[in-house]
Amino acid sequence: MLKTPRSFNLATSLISSPIRGLLFLHNQPHTFFTRFASTTTNQTPSTTNPTQSATNPTPSATNPTPSATNPTPSATNPTPPATNPTPSATNPTPPATNPTPSATKPTLSATDPVPSAVDPDEMPPDMIRELHSSHPRPMRFEFNQKDKVTSQMLENMDIGVKKHRIPATFSDFAAFNAVRLLRWLPDTYFKDNHYMRVVMLETVAAVPGMVGGMLRHLRSLRNVRHDGGWIIHLLHEAENERMHLLTWMKCLQPTWVDRSIILGVQGAFFNAYFLLYLLSPRTAHRFCGYLEEEAVISYTHFLKDIDEGKIENRPAPRIAKEYYNLQPTATIRDVVLAVRSDEALHRDSNHHFADRIAACQEDLRRDVGMLLQSPEWRNRLGNVSQEADQRWGRGEARGTPHPRDS
Ligand SMILES: [Fe+2]
Ligand SMILES: [Fe+2]
């Protein structure tokens with residue numbers, strides 16, 4: 001028998017090592033492919049076979065990944081130890097000797113939908129808690145109640161569909177005519193394409209609240225003073241408009257041409273509005289008030305075309321049902337009614353902002369405090385929480401700012 005030369009053994013070991021490595025990866029894919037496991041079906045544990053039995057303590061080749069109840073093996077400890085029984089369906093919690101992640105240091109499970117590229121040690125737990133628990137909150141009182149909002153309730157909301165602020169000053173006229181001029185563009189381009197029109201409208205409408213909130217924030221920092229209650233409302237308005245956009249994006253996917261238009265319009269509008277707000281915040285809010293008047297008109301036309309059968313009254317997207325607390329059977333018509341009621345609120349609040357600037361009284365907390373002293377207003381506003389009552393009772397409710405803010 002021929003003796004195998006040493007050089008041949010060396011060559012075969014060099015060739016076979018990568019093959020052995022590949023075989024290892026095949027049998028123990030979770031040690032290397034954890035971050036890719038969620039993207040392939042054969043490496044993701046099925047929900048019908050979520051756990052390993054007690055008689056099969058080590059992961060088999062056909063069930064290589066740990067169960068949902070099993071903590072994620074770390075890179076330095078890829079497989080559960082042989083002496084450590086894997087949790088079964090009847091014993092979902094691993095024993096104390098199992099290297100479980102501590103309560104203060106949660107570890108991502110391999111079966112989590114979160115990409116495992118996220119380092120759990122790097123993401124602050126409070127950031128995780130905040131993102132997990134927070135969700136966009138509607139602006140109107142009607143959508144923040146426990147009971148589901150019905151079509152009839154939406155129909156009966158008194159929002160002042162035909163409300164119009166008659167321009168009184170030069171700045172009002174300038175704002176009104178600027179909006180009328182700007183309306184000509186979408187009227188000409190989109191015509192009766194309501195979905196595309198509202199997508200474009202919302203990409204523009206979500207800008208002023210953010211610009212106003214940002215500039216008020218900076219002014220509060222510069223002046224080392226409270227902002228008077230404007231920022232929170234303006235930022236909430238921007239979020240509310242973005243929720244409108246996200247809702248309509250579920251009904252329509254813009255083409256690349258539409259996206260290019262959105263890009264150009266946002267670039268031009270953001271800068272123009274930013275400059276306008278720096279020069280004349282009053283005109284900027286009046287401009288927004290008129291813009292929202294036009295938004296109410298646009299949504300009324302949308303509603304009319306649904307009622308006339310020109311647009312199919314499809315089921316409402318889930319995002320809108322959740323945001324507005326609508327019934328499971330809600331339709332696009334209900335969403336249009338809900339969004340239109342938001343636009344009416346933006347219209348009224350922006351005209352009010354312009355009025356308060358004109359009156360040189362920009363501390364909205366003082367206004368609210370004085371109004372809340374009236375029993376009639378307290379009834380109109382509905383349930384005012386005890387916490388808010390206590391806060392306002394410290395001084396603001398009496399029409400004077402709190403000493404630390406004045
Ligand atoms: Fe909107
Ligand atoms: Fe709006």
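Buried residues account for 24% of the 406 residues in the protein chain. Keep in mind that this is a predicted model. The chain has 15 helices and zero strands. If you look at contacts between residues at least 6 apart in sequence, 68% of them join residues at least 24 apart.

Let's start with the core. The largest nonpolar core has 36 residues, and Val 335 and Val 336 are the ones with the most contacts inside it. The largest share, nine residues, belongs to α10. In soluble globular proteins, nonpolar side chains tend to be buried together. Back to Val 335: leaving aside residues up to four places away in sequence, Val 335 touches Thr 247, Ala 316, Ala 320 and Ala 330.

| Helix pair | Angle | Axis separation |
|---|---|---|
| α6 (residues 170-190) and α10 (residues 281-307) | about 40 degrees | 8 Å |
| α7 and α10 | about 155 degrees | 11 Å |

Take α6 with α10. Their angle is about 40 degrees, so the two helices are oblique to each other. The crossing of α6 and α10 is right-handed. On the α6 side, the residues that meet α10 are Ser 171, Asp 172, Ala 174, Ala 175, Phe 176, Ala 178, Val 179 and Arg 183. Facing them in α10 are Arg 282, Thr 283, Arg 286, Phe 287, Tyr 290, Leu 291 and Glu 294. Sorted by class, this contact has eight nonpolar, two polar and five charged residues.

What about α7 with α10? At an angle of about 155 degrees, α7 and α10 are therefore roughly antiparallel to each other. Their crossing is left-handed. From α7, the contact uses His 194, Arg 197, Val 198, Leu 201, Ala 205, Pro 208 and Gly 212. The α10 residues they meet are Ala 284, Cys 288, Leu 291, Ala 295, Ser 298, Phe 302 and Asp 305. Here the class tally is nine nonpolar, three polar and two charged residues. Notice Leu 291 of α10: this residue is listed in the contact with α6 and again in the contact with α7.

Is Arg 365 buried or exposed? Arg 365 has 21 other C-beta atoms within 10 Å, so this residue is buried. You'll find Arg 365 in helix α13 (residues 364-372). Arg 365 and Gly 229 are 136 residues apart in sequence, yet their C-alpha atoms are 6.1 Å apart in space.

Two loop residues have a positive phi without being glycine. One of these is Lys 191, with phi near 50 degrees. Lys 191 belongs to the loop between α6 and α7 (194-223). With 10 C-beta neighbours inside 10 Å, Lys 191 counts as exposed. Then there's Cys 360, where phi is near 55 degrees. Cys 360 sits in the loop between α12 (332-358) and α13. Why does Cys 360 count as exposed? Because Cys 360 has 6 C-beta neighbours inside 10 Å, and a residue is exposed if that number is 12 or fewer.

Conventions
Residues are numbered from 1 along each chain as its sequence is written. Chains are lettered from A and ligands numbered from 1 in the order in which they are written. This is a predicted model: local features need pLDDT of at least 70, side-chain atom pairs count only at pLDDT 80 or more; totals for chains, interfaces and linings use all residues. Axes are lines fitted to C-alpha atoms, for helices over the stretch in contact, and angles run from 0 to 180 degrees between N-to-C directions. Helices (H or I, at least four residues) and strands (E, at least two) are DSSP runs, numbered from the N terminus. Angles under 35 degrees count as roughly parallel, over 145 as roughly antiparallel, 65 to 115 as roughly perpendicular and the rest as oblique. A crossing is left-handed if the near helix is turned anticlockwise from the far one by less than a right angle, and right-handed if clockwise. Two residues are in contact if their C-beta atoms, placed from the backbone, lie within 7 Å. Ala, Val, Leu, Ile, Met, Phe, Trp, Tyr, Cys and Pro count as nonpolar, Asp, Glu, Lys and Arg as charged, and the others, Gly among them, as polar. A residue is buried if 20 or more other C-beta atoms lie within 10 Å of its own, exposed if 12 or fewer, and partly exposed in between; C-beta atoms are placed from the backbone. A nonpolar core is a set of buried Ala, Val, Leu, Ile, Met, Phe, Trp, Tyr and Cys residues joined through C-beta atoms within 7 Å.
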